[in-house]
Amino acid sequence: MDIAVLVKASLDVNMIKADSEGRILLDSIPLAISEYDRNAVAEAVRIKGELGGRVVAFSVLTWGPADKRAKEIENVMREALALGADEAHVVVDDAILPSDVSVTAETLSNLIKKTGDFGLILAGEGSMDMMSAQLPVRIAYKLGYPVATFARKIDVINGAVKVTRDLEDVLQVVELPLPAVVSVTGEINQPRLPTLLQIRKSFAKPYKAYTISEIGMDTPEKLFPFDDIKLVTVSRKNMIIEGENLEEIAEKLIDKLIEEGVVRV
Amino acid sequence: MKALVIGNKTSHLVDGLGFIQALSSETGVSIEAYGLLYGGGAEETKGFTKIFSMPEASPEAVANTVSKLIEKMTLEMVIAPAEKNGTEILSRVASVYDMPMITEVSGISKAGENTYLERAIMGGRATALYRFKTPMAVTVPAKKFKASESGATPEFEELQVIDGVTKVVEVLPKEKGAVDLEAADVIVGVGRGFKAKDDLAMAFELAELLDGEVGCSRPVAADFKWLGEDRWIGISGKKIRGKLYIAVGISGAPQHIMAASDTKVIVAVNKDKNAPIFTFSDYGVVADLYQFLPVFIKKLKEKKGV
């Protein structure tokens, strides 16, 4: 059974850049593999180990400009390949940038359909940058497949998949017929860092980038693009409590907390 | 305009009603509120025209039932709790009708003629604004929008479940203590700065002195397994919104900071003066926690006279 795994080249949230007026410089923030997608790749590779088949990684560039980002998304996909995916296919096209969830879902589902038949499509529960957590479901509906989200355990048995969903208060075990889409949480496994050998090997694996016309798409209309992105200005006091010794620091801190009304003595 | 609020607890309906009232006052559009409770009884919540109820079911079956209702009643908005089941159900409904869906709305703002829905992105470091238009699906965090429960008493109607292919095989309890971080006023957070599980006793002592709870960063729950996941503060863990958060030996990963950002006062104790947590704190103490905590606890006891 072949497994598709969806990987996002996410804005690296640890590398956010803004100008002196606090405007976020989206084009200058580097892309990195979205955290939970590493779990999805690792899970796909684990299932492949049990059932055989290929693991194919898919992505759509969602942040522009395309010419500058083409190499960055390739690096992200090389990481997915180093983690054990067998090949990678991506769409890089200025016509959809910056993409919204609906266009990303439309583009990914077309790319997947064009590439092959997959018994299971895995994705991270949400992306590091936008965290809207709805893409796996939107793709499933576009493909006409059943879907389960927030999996912390996946068992494939006899043409079906048993998914343990990690809900806030309980674990809900659901069963779906294959082919199916499943989103995974960060708790499903602990992906290992790829070894140097795996990284080197990843460059020999097939990687293909398409434009939207190459996968048979016209420029789609965005359903709900964001209108603006603003830097959150931290309104914290950022006061480092200093003193001659720890006793003095502790006393000053306690006084501050009493002043704030958050500690009572 | 008609809006449907779904959820499996009465509090979900109240949270959604709060959002509807806030949106209505920003836009000047009057919105008629309908509710749908899946699982759990339909309690009377004033402010709703009608509350539908259905038995507990898979997210797919709930979504099918909601989709049918949208068609029948020409609903223009659907609102769900910003938790995992709410997110899946609403993503399904949004997919069926190709509707925009704004996950976890944190605020409503106006600029000129337009009303915008805001949500936190990039680990809480940025806010994205989306122009409000209908139809639209929205997930709403707990207690974010205060509702006034007044007006007519709702009618009730039971709905038939429209099943799908998803089978719920079993529901298992989660390993859980009696900790409810989301309701705690004071939380002492522990991170990788602690070298051994036994050392957490200091944090528990401090939390007890402050009538608080102990929470933790991801490695302490997920990697070291020193504490249960019910104590894990993070986007995928618990989101806290108390009066005081004291982060001890926590460097401050974006997911952790975002989940604590609704706290009134944040204190950080870390020996690394460059730790990101200080940027997100009101008060910082640059010190080794092993030296500072005993002194802090001793001074607190003196002040409290215990």
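Q: Which residue is the bridge partner of B:Glu118 in strand 8 of chain B?
A: In strand 8 of chain B, B:Leu129 is the bridge partner of B:Glu118. This is a predicted model: local features need pLDDT of at least 70, side-chain atom pairs count only at pLDDT 80 or more, and totals for chains, interfaces and linings use all residues. Residues are numbered from 1 along each chain as its sequence is written, while chains are lettered from A and ligands numbered from 1 in the order in which they are written.

Q: What makes strand 7 of chain B and strand 8 of chain B a pair?
A: Pairing needs at least two bridges found by DSSP between two strands. Strand 7 and strand 8 of chain B have six, in the antiparallel sense. Therefore they count as paired. Their hairpin has four residues between the strands, and B:Met122 there takes a positive phi near 50 degrees.

Q: Why is residues 126–131 of chain B called a strand?
A: Strands are DSSP runs of E with at least two residues, helices are runs of H or I with at least four, and both are numbered from the N terminus. Strand 8 of chain B is such a run, at 126–131. By this scheme chain A has six helices and 13 strands.

Q: How do you know that strand 12 of chain A pairs with strand 8 of chain B?
A: Strand 12 (residues 228–231) of chain A is joined to strand 8 of chain B by four bridges, antiparallel. In strand 8 of chain B, B:Thr127 is the bridge partner of A:Lys230.

Q: Which strand of chain B runs antiparallel to strand 9 of chain A?
A: Strand 11 of chain B does, with six bridges to strand 9 (residues 170–177) of chain A. A:Val174 stands opposite B:Val168 in strand 11 of chain B.

Q: How many bridges join strand 13 of chain A to strand 16 of chain B?
A: Two bridges join strand 13 (residues 239–240) of chain A to strand 16 of chain B, and the strands run parallel. B:Tyr283 in strand 16 of chain B is the bridge partner of A:Met239. Strand 16 of chain B also pairs with strand 15 of chain B, parallel, over four bridges. There B:Asn270 stands opposite B:Val286.

Q: How many residues of chain B are in contact with chain A?
A: Contact means that C-beta atoms, placed from the backbone, lie within 7 Å. On that test, 66 residues of chain B are in contact with 62 residues of chain A. Helix 3 of chain B gives the most to the chain B side, with nine residues.

Q: What classes of residue does the side of chain B that touches chain A have?
A: Ala, Val, Leu, Ile, Met, Phe, Trp, Tyr, Cys and Pro count as nonpolar, Asp, Glu, Lys and Arg as charged, and the others, Gly among them, as polar. The side of chain B that touches chain A has 35 nonpolar, 15 polar and 16 charged residues.

Q: Why is helix 4 of chain A called largely enclosed?
A: A residue is buried if 20 or more other C-beta atoms lie within 10 Å of its own, exposed if 12 or fewer, and partly exposed in between, with C-beta atoms placed from the backbone. Eight of the nine residues of helix 4 (residues 135–143) of chain A are buried, so the rest of the structure largely encloses this helix. Among the buried residues are A:Arg138 and A:Tyr141. The buried residues pack against helix 3, strand 6, strand 7 and strand 10 of chain A together with helix 3 of chain B. Just after the helix, A:Gly144 takes a positive phi of about 75 degrees.

Q: Where are the domain bounds of chain A?
A: Domain 1 covers 3–215 and domain 2 covers 234–265. Such bounds come from an automatic or database domain assignment. The C-alpha centres of these two domains of chain A are 45 Å apart.

Technical notes: Two residues are in contact if their C-beta atoms, placed from the backbone, lie within 7 Å.
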